[in-house]
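I kept to what I could look up and wrote the entries in the order in which I went.

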Amino acid sequence: MEQLIKKLKGMVHLRAYRKQRDDLHFIMVDKPQLEMILAHLKNNEGFTHLAFLQAVDLIEDGKFQLTYMLYNYSTSVNLGVNVLIDRDDAEMNSIHKLWAHGWQYQRELHELYGIDFPGSPRVEESFVLEGWEEMPPMRRDFDTLEYSDKTFYQRPGRSTNDPAEYMKEKMYKNYPPSPGIRRDDE
Amino acid sequence: MNKKHINEIEDQMKLANEGLPEKERGLFADARPTTVDAFNKYYEGFLNWARSRSLWMLAFGTGCGATELRPLMTSRYDMSRYGIAPRPTPRQASVFIIGGYASIKTIKRIVRSYEQMQGPKYVIALGSCTINGGMYFDSYNTINRLDYYIPVDVYIAGCMPRPEALIAGFNRLKEKIRAGECEGMNEYAEKFDWFKKNQKQIIKNWNMPDYNW
């Protein structure tokens, strides 16, 4: 794997590399070089399988992070190729010519995140939301509770408890407070 | 009231089927559902007794609650002991079990299936999601209250309710049928416009007849 990373570094500008497990690695590349590097990984390095394509909404940076998760059957290694794209005019090159099933992921991302993939077949068709008129619901600035209150009818009498407070009250009253786990400890 | 006047009113009562293309409107019914009156007390009582003992349920798993129907059908809980049998099509079924959350895409199919079922027909709403949204109360895609879209006879609370709870729900439904209280079908016919208004409010691409008979 280290040899491959070294080789890729010679080919393209690798913005980041992270090894999560022995069989799970992530690299981040620039947007224009993505298609080239995916084709190289598929044709020459044995990463023949596209496991999934997903998006993460990094609203603080104004970016979407797309992850193309590839799998190598002969070495059993997963390689995630990340790329950052602009959030406001979200547009990405289609990969349906490399992996034929890529169009389905792109159709899903187009509907749920509003990312456009020009040239991808049937990308405008609705995927799970039929007749959706609002902004794409998986964007983090979409307020689902507000939309739900506005659209669906609430039954009165519903109450909500904070799970931590409720369990402390009901179950752990006689125990000293635990220090808890902070994110930094991990 | 003369005959012409009556004809005019009847024309106004016809369903518009506006979701369909112009050339297909003639292919579908434009009649509204009508209420069905009960027979005399003793004959209706006998019919209700018979109905309560052969409940045929529509095997349409609309949500995760359909998982609980498998142990109910098979030998562990064996619902055929109670005279309940699964049927593959809405035309043959008399009980519709809504299994948990109903997304907007599913509620369109639920409405269609419910309207195609022949009367008398009953609805069991399974799980907390059908009562007040459950854990999906703030979701953009699942409804909160099922009884705004189709009439419900029995609710079974829980997330998920066990098959024992389902059997208790079926027994409660049987009691209600024998007492002549399951009038969901008539309620649907009486409040048809209100149900349609609620349904069309969430189903934005209404491309089916207004009443799928």
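In what order do the strands of the open sheet in chain B run, and is the pairing parallel or antiparallel? I find 5 strands in the order β2-β1-β3-β4-β5, with parallel pairing. I noted the edge strands of chain B as β2 (84-87) and β5 (154-156), each of which pairs on one side only, and the twist averages 30° from one strand to the next.

Next I followed helix α2 (residues 41-52) of chain B, whose axis comes within 8 Å of that of α6 (residues 163-178) of chain B, the two crossing at roughly 165°. An angle over 145° counts as roughly antiparallel, so α2(B) is roughly antiparallel to α6(B). I recorded the crossing of α2(B) and α6(B) as right-handed. From α2(B), Asn48(B), Trp49(B), Arg51(B) and Ser52(B) make the contact, and from α6(B), Lys174(B), Ile177(B) and Arg178(B) do; by class, these are 2 nonpolar, 2 polar and 3 charged residues.

Turning to the interface, I see 16 residues of chain A in contact with 16 residues of chain B, and the side of chain A that touches chain B has 7 nonpolar, 5 polar and 4 charged residues.

I must keep in mind that this is a predicted model: the predictor gives the complex an ipTM of 0.81 and a pTM of 0.84, while chain B averages a pLDDT of 89, with 100% of its residues scoring at least 70.

How values were computed:
Residues are numbered from 1 along each chain as its sequence is written. Chains are lettered from A and ligands numbered from 1 in the order in which they are written. This is a predicted model: local features need pLDDT of at least 70, side-chain atom pairs count only at pLDDT 80 or more; totals for chains, interfaces and linings use all residues. Axes are lines fitted to C-alpha atoms, for helices over the stretch in contact, and angles run from 0 to 180 degrees between N-to-C directions. Helices (H or I, at least four residues) and strands (E, at least two) are DSSP runs, numbered from the N terminus. Angles under 35 degrees count as roughly parallel, over 145 as roughly antiparallel, 65 to 115 as roughly perpendicular and the rest as oblique. A crossing is left-handed if the near helix is turned anticlockwise from the far one by less than a right angle, and right-handed if clockwise. Two residues are in contact if their C-beta atoms, placed from the backbone, lie within 7 Å. Ala, Val, Leu, Ile, Met, Phe, Trp, Tyr, Cys and Pro count as nonpolar, Asp, Glu, Lys and Arg as charged, and the others, Gly among them, as polar. pLDDT is the predictor's confidence in each residue, from 0 to 100. Two strands pair if DSSP finds at least two bridges between them.
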